[in-house]
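Colleague: I would like to go through the labels on this model one by one. Please set each value against its cut-off.

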Amino acid sequence: VHDTNHPTVDFEKFIGKFPVLGVCYGAQLIAQKFGGSVVKSNKREYGRAILQHNETDDVLFKNVSTQTQVWMSHADTVAEIPSSFQLIAHTDSIPVAAYKNKNGSFAKPVYCLQFHPEVTHTLQGKAIIERFVRDICNCDGDWTMPGYIDEAIGKIRSAVGKEEVLLGLSGGVDSAVAAALLHKAIGAQLTCVFVDNGVLRHGEADQVQQILGDGLRIPVTCVDARAEFLGALAGVVDPEQKRKII
C-alpha cells in the first residue's frame with residue numbers, strides 16, 4: 001500500500017474510464033497512488049463502527065442514514081486524501097472513512113470506502129452497493145439465472161458447432177453444472193466420463209451416477225479405477241504426496 005508503483009494494479013486502465021469503488025485496501029491504494037498518504041493507524045479499527053456523513057445529496061449515500069453502523073478491518077489508515085478528492089465520511093476513530101473524486105477531476109466517478117459495505121454488519125451496505133451499481137454504473141439489474149442459462153447454452157452451441165465434447169466429471173459442483181449446461185446445449189455430442197478412484201466419500205460414486213444419469217438423464221461412462229489408484233497410494237502417508245499421486 002505504500003508503493004506508488006504497485007505492480008499488481010494498473011490504474012490507468014480503469015481510473016477515469018469506468019466508475020471505480022475502492023474498498024478498504026483499495027481506498028488506501030488509490031490514496032497513495034494519487035498523492036495522498038497512508039500510515040499505520042494509532043487507532044486500529046476491527047469490528048463495528050459508526051459512520052458519519054453529511055452527503056445527503058451524494059448519490060452513493062442516497063437513502064443512507066447520516067449515522068449508520070459499518071464494519072471496519074484495517075491497521076493502516078488514509079492520513080491525507082489526494083488533492084483531486086474530497087472527504088465525504090468519517091468515524092469517531094478515523095477522519096477518512098470515505099472519500100470521492102472532485103467534480104471534473106476524472107471522467108468517471110471514483111469512490112473510496114475504508115469500511116466494508118459487502119458484509120452484513122454494515123447495516124446499510126446493500127443500499128450503498130445498490131446505489132453504486134444502479135445509479136453510478138447505470139446497470140439495469142435485469143440479470144436472471146434463467147437468462148444466464150439461455151446465454152450460456154447459446155455460447156456453447158456457437159463454440160462447439162458439430163464437434164464432440166469430452167467432459168471429465170469429478171462429482172463436484174463445477175463439473176456437474178458444466179455437464180448439465182453442455183447436455184442441454186449439444187445433447188448426444190457430449191460424452192461424460194466419471195473415474196471412481198477409490199478415495200471418494202462412501203457411496204459418492206453411486207450418487208454421482210444416480211443424480212446425473214437417472215435424475216438429469218445425462219449419459220455417464222463410469223470407469224472403475226480403484227485398484228490402480230489405491231495401488232499407487234499403498235504405503236504413502238504424506239498428504240501432499242498423496243495429492244500429487246491422485
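Modeller: A salt bridge here is a side-chain nitrogen of Lys or Arg within 4 Å of a carboxyl oxygen of Asp or Glu. This is a predicted model, where local features need pLDDT of at least 70 and side-chain atom pairs count only at pLDDT 80 or more, while totals for chains, interfaces and linings use all residues. Residues are numbered from 1 along each chain as its sequence is written, and side-chain values use heavy atoms, with hydrogens and water left out.

Colleague: What makes R201 and E204 a salt bridge?

Modeller: Their closest N and O atoms are 3.5 Å apart. The limit is 4 Å, so the pair qualifies.

Colleague: Why is R201 called exposed, and why is E204 called buried?

Modeller: Buried means under 20% relative accessible area, exposed over 50%, and partly exposed in between (1.4 Å probe, protein chains only). R201 has 65%, so R201 is exposed. E204 has 14%, so E204 is buried.

Colleague: How do you know that R226 and D196 form a salt bridge?

Modeller: The closest N and O atoms lie 3.8 Å apart, and the cut-off is 4 Å. The pair joins distant parts of the chain: R226 is in helix α6 (residues 226-233), D196 in strand β8 (residues 190-196), 30 residues apart. Helices (H or I, at least four residues) and strands (E, at least two) are DSSP runs, numbered from the N terminus.

Colleague: What makes K100 and D58 a salt bridge?

Modeller: Their closest N and O atoms are 2.3 Å apart. K100 sits in strand β5 (residues 98-101), D58 in the loop between β2 (37-53) and β3 (67-80), 42 residues apart. Both K100 and D58 are buried. The structure holds eight salt bridges.

Colleague: What is the strand order in the open sheet?

Modeller: The six strands run β1-β6-β5-β4-β2-β3, with mixed pairing.

Terms used
Two strands pair if DSSP finds at least two bridges between them.
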